[in-house]
Amino acid sequence: MPDEFKPLRDIRVVEMTHMIMGPSCGQILAYLGAEVIKVEPPAGDKTRHLTGMGRGFFPSFNRGKRSITLDLKSPAGTSALDRLLETADVLVENFRDQSLAKMGFAPSDLRNKHPKLIVASCKGFLHGPYQDRTAMDEVVQMMSGMAYMTGPKGRPLRIGSSANDIMGGLFGALAVLGALMERHQSGQGRALRIGLFENCLMLVMQHMVQFDLDGREPAPMPEREFSWPIYDIFDTRDQRQIFVGAVTEGHWHILCNAIGLQHLRKDPRLQSKMDQIEARDWTIPIFAEALARRDFAELIEIFEATGIPFSPINRPVDMYQDPHVTRPGGLHHSHLPGGQEFRAPGLPIEVDGATPRPASLDVADVGDDTDAVLSELGLSPSEAQAASGALQAKMA
């Protein structure tokens, strides 16, 4: 068995976040071995109670964290937070700048109080004209051109996941790792700011640069100019859909041979890759007809054997039946506070052949660890009750 990969095993992270961007940052740090203490208001993070499309937000990005409640509207709560931050290496937060400043926890204030603390602020925008705007994943997708590039012209569409938020959390974790490495030499913390909008700019960067270099605005992806002879979705004989790609001249020849279209290889109009791309309007129907004469399973077998890029058209729920996803270690099992089990992926990395994972992947109930953590800080039971807002919660 390889040694456990927990490079952050001695790092304490205090997380004051909600929704996805901040929690995903903390989740990644927890997977790398950090102790992550999630600070929630007395009634709990509102993300816990989302339904519908938001039902999976909290369980997905808060596995393996400790939970404490603090009433940050009270002097007892803010005092307890200060004492907690004295023991912490990292604070991950996504409060509005003004809200943090009112509580006395602006990054500059925190740096003065706790010089070794690394503050990772997950925000909608980096500093600039938009820094005080409210941002969400969909907002920045519309602003940056991502939605324009995803849908057909005139029908901007957000991409089908919270990819921006998750990638923003990833950049937050990356910045934290860099700051931790630097602190090892300097002994000083840093104030980090991660922008959701700027994250989305990175995702559309290729389209921006294409325009800057060629002077032509790229069309949305559904209407894009193709750079490959075959890069399309086809129907099979048994009414399945399959994506097939032939992106090199080698792929073209292999695909033609595999599905009985050898005559296209000899066609004088199709002797170069550019010829094949420019002939798509009449060759794609020929490929579609040939593929429609074969069943899905037969095509999978052919493409696996020949190295042709392909994919079934799956839904997220299909992943629970996918043999690669469900291989040992592919899905991690977690439990909600009530005991209900769910399965979710871990980090998309292997270390010496094994996937990293925290000691626990369960989701803590609201304030499960309040007494233990505040007791470790030296608070008496009555002080802990005042700091956590337990009395107010009972009265409410």
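Biologist: How do the residues lining the largest pocket divide into nonpolar, polar and charged?
Modeller: The lining holds 24 nonpolar, 11 polar and 6 charged residues. Ala, Val, Leu, Ile, Met, Phe, Trp, Tyr, Cys and Pro count as nonpolar; Asp, Glu, Lys and Arg as charged; the others, Gly among them, as polar. Keep in mind that this is a predicted model: local features need pLDDT of at least 70, side-chain atom pairs count only at pLDDT 80 or more, and totals for chains, interfaces and linings use all residues. Residues are numbered from 1 along each chain as its sequence is written, and side-chain values use heavy atoms, with hydrogens and water left out.

Biologist: How much space lies in the largest pocket?
Modeller: First the idea. Rolling a probe the size of a water molecule over the atoms shows where empty space is left. On a 1 Å grid over the protein atoms alone, a pocket is an open set of points with protein on both sides within 12 Å along at least five of seven lines, a cavity is a set where a 1.4 Å probe fits but cannot get out, and lining residues have an atom within 4 Å of a point. Points are joined across faces, edges and corners, and a volume is the space filled by probe spheres set on them. Here the largest pocket holds about 1,500 Å³. Its lining has 41 residues, and G56, S60, F61, A344 and P345 are the closest to its centre.

Biologist: Which elements each supply at least two residues of that lining?
Modeller: They are α1 (21–31), α2, α8 (163–186) and β11 (341–344). Helices (H or I, at least four residues) and strands (E, at least two) are DSSP runs, numbered from the N terminus. The chain has 17 helices and 11 strands.

Biologist: How many cavities of 30 Å³ or more are there?
Modeller: The count is 1.

Biologist: Take R48. Is R48 buried or exposed?
Modeller: Buried means under 20% relative accessible area, exposed over 50%, and partly exposed in between (1.4 Å probe, protein chains only). R48 has 18%, so it counts as buried. R48 sits in the loop between β2 (35–40) and α2 (57–61).

Biologist: What joins the side chains of R48 and E40?
Modeller: A polar contact of 2.7 Å. The term means a pair of N or O atoms within 3.5 Å; within protein, one must be able to donate a hydrogen and the other to accept it, and residues adjacent in sequence count only if both atoms are side-chain atoms. A polar atom of the R48 side chain also lies 2.9 Å from the backbone oxygen of A364.

Biologist: Where is S67 found?
Modeller: S67 is in strand β3 (residues 66–69). S67 is buried, because its relative accessibility is 2%. Its side chain reaches the backbone oxygen of D365 at 3.4 Å. Contact means heavy atoms within 4.5 Å. Leaving out residues up to four places away in sequence, S67 touches K38, E40, R48 and D365, among others.

Biologist: Which residues touch the most other members of the largest nonpolar core?
Modeller: In soluble globular proteins, nonpolar side chains tend to be buried together. A nonpolar core is a set of buried Ala, Val, Leu, Ile, Met, Phe, Trp, Tyr and Cys residues joined through side-chain atoms within 4.5 Å. Of the 32 residues in the largest one, V13, L29, V90 and V92 touch the most other members. Elements giving two or more residues to this core are α1, β4 (90–93), β5 (118–123), α8, β6 (191–195) and α9 (196–214). The largest share, 6 residues, comes from α1. Beyond four places in sequence, L29 contacts L8, V13, A34, V92, A173 and V176.

Biologist: What is the phi of Q239?
Modeller: Most residues other than glycine have a negative phi, and most peptide bonds are trans. Q239 has a positive phi of about 65°, although it is not a glycine. Q239 lies in the loop between β7 (230–235) and β8 (241–246). At 71% relative accessibility, Q239 counts as exposed. D352 also has a positive phi, near 50°. D352 is in the loop between β11 and α15 (370–376).
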